Amino acid sequence: MKTIKLLFLFLLSITVLNCSTEEISNQEINKNPNFRVTESTSNFSFRESLDEPCTSTRLMAGQNYDAGTVTVDTDGVDLIIRYTTNSDWSINATHLSIGNCGEQTIPTTGAGNPKIGHFEHGTTHATGVNIVEYYINKDALNDLYCFAAHAVVTGPNGEETAWAEGFDFGGNSWAMYVEARQSDCDVSGTNNSGPAK
């Protein structure tokens with residue numbers, strides 16, 4: 001039933017707006033059954049059917065450029081981490097590491113810099129992509145979770161590295177990670193706030 005609901009939403013977005021969306025094979029990215037990713041060159045997304053994202057932060061490119069946003073939503077089954085660029089930017093590649101805060105799940109070097117090549121999820125994208133969505137089964141995470149969302153983007157001045165704006169890793173790079181709560185994503189309209197697991 002969960003798969004049918006997600007498939008219906010996916011097909012509806014393609015049919016109604018005739019956008020170019022492609023689901024990328026999990027085998028290209030990782031072997032985790034709790035994960036999948038899609039990419040799009042359209043401005044339509046699941047976000048438009050909801051009032052506000054659970055979490056929203058800027059996608060910062062080259063430390064100084066606001067290249068877009070990284071948001072978190074839920075469809076009731078998965079957390080949806082969405083990279084969306086501004087109109088003059090596109091996404092060439094994305095890397096995502098996500099896990100429970102305090103468990104040090106984001107791979108880092110001894111100096112505290114993230115090891116992007118060791119992130120659990122990542123892939124390259126077709127030319128002109130401006131929306132990338134990662135779906136992570138929400139049952140795999142506690143209420144309080146952390147993620148590092150990295151991208152390679154192209155903008156008015158060429159290719160740049162980009163991060164979802166958040167907390168500094170503490171190393172000698174400008175890489176950042178985000179702390180968020182699943183209880184901020186309550187789709188039933190009730191407040192599930194409480195202590196983190």
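Leaving aside neighbours within four places in sequence, which residues is Leu96 in contact with? In this predicted model, where residues are numbered from 1 along each chain as its sequence is written, local features need pLDDT of at least 70, side-chain atom pairs count only at pLDDT 80 or more, and totals for chains, interfaces and linings use all residues. Side-chain values use heavy atoms, with hydrogens and water left out.

Taking contact to mean heavy atoms within 4.5 Å, the partners of Leu96 are Ile81, Tyr83, Phe119, Glu120, His121, Tyr134, Ile136, Phe147, Ala148 and Ala149. Leu96 also belongs to the largest nonpolar core, which has 28 residues. Such a core is a set of buried Ala, Val, Leu, Ile, Met, Phe, Trp, Tyr and Cys residues joined through side-chain atoms within 4.5 Å. Here, buried means under 20% relative accessible area, exposed means over 50%, and partly exposed lies in between (1.4 Å probe, protein chains only). Along with Leu96, the residues with the most contacts inside the core are Val70, Ile81, Tyr83, Tyr145, Phe147 and Val153. At least two core residues each come from strands S3 (55-61), S4 (65-74), S5 (78-85), S6 (90-100), S8 (131-137), S9 (144-155), S10 (158-164) and S12 (176-181). Strands are DSSP runs (E, at least two residues; helices are H or I, at least four), numbered from the N terminus. Strand S9 gives the largest share of this core, 5 residues. A second, separate core has 11 residues, among them Met60, Cys146, Trp163 and Met176. As background, nonpolar side chains tend to be buried together in soluble globular proteins.

Next come the disulfides. A search of the whole structure finds 2 of them, each a pair of cysteine sulfur atoms within 2.5 Å. In one, Cys54 is joined to Cys185, with an S to S distance of 2.1 Å. The torsion about this S-S bond is about 130°, so the disulfide is right-handed. Cys54 sits in the loop between strand S2 (35-40) and S3, while Cys185 is in the segment after S12, so this pair links distant parts of the chain, 131 residues apart. Both Cys54 and Cys185 are buried. The other disulfide joins Cys101 to Cys146 (S to S 2.0 Å), and with 110° about the S-S bond this link is right-handed too. Cys101 lies in the loop between S6 and strand S7 (121-124), and Cys146 lies in strand S9, 45 residues apart. With bonded cysteines counted along the chain, the disulfides follow the pattern 1-4, 2-3.

Charged side chains complete the picture. The whole structure holds 4 salt bridges, each a side-chain nitrogen of Lys or Arg within 4 Å of a carboxyl oxygen of Asp or Glu. Arg82 meets Asp73 in one of them (3.0 Å, N to O). Arg82 also forms a salt bridge with Glu133, whose closest N and O atoms are 2.5 Å apart. Because Glu133 lies in strand S8 and Arg82 in strand S5, this pair ties together parts that are 51 residues apart in sequence. Arg82 is buried, with a relative accessible area of 1%, and Glu133 counts as buried at 9%. Elsewhere, Arg181 and Asp143 meet in a salt bridge (2.9 Å, N to O). Arg181 counts as partly exposed at 28% relative accessibility, whereas Asp143 is buried at 11%.
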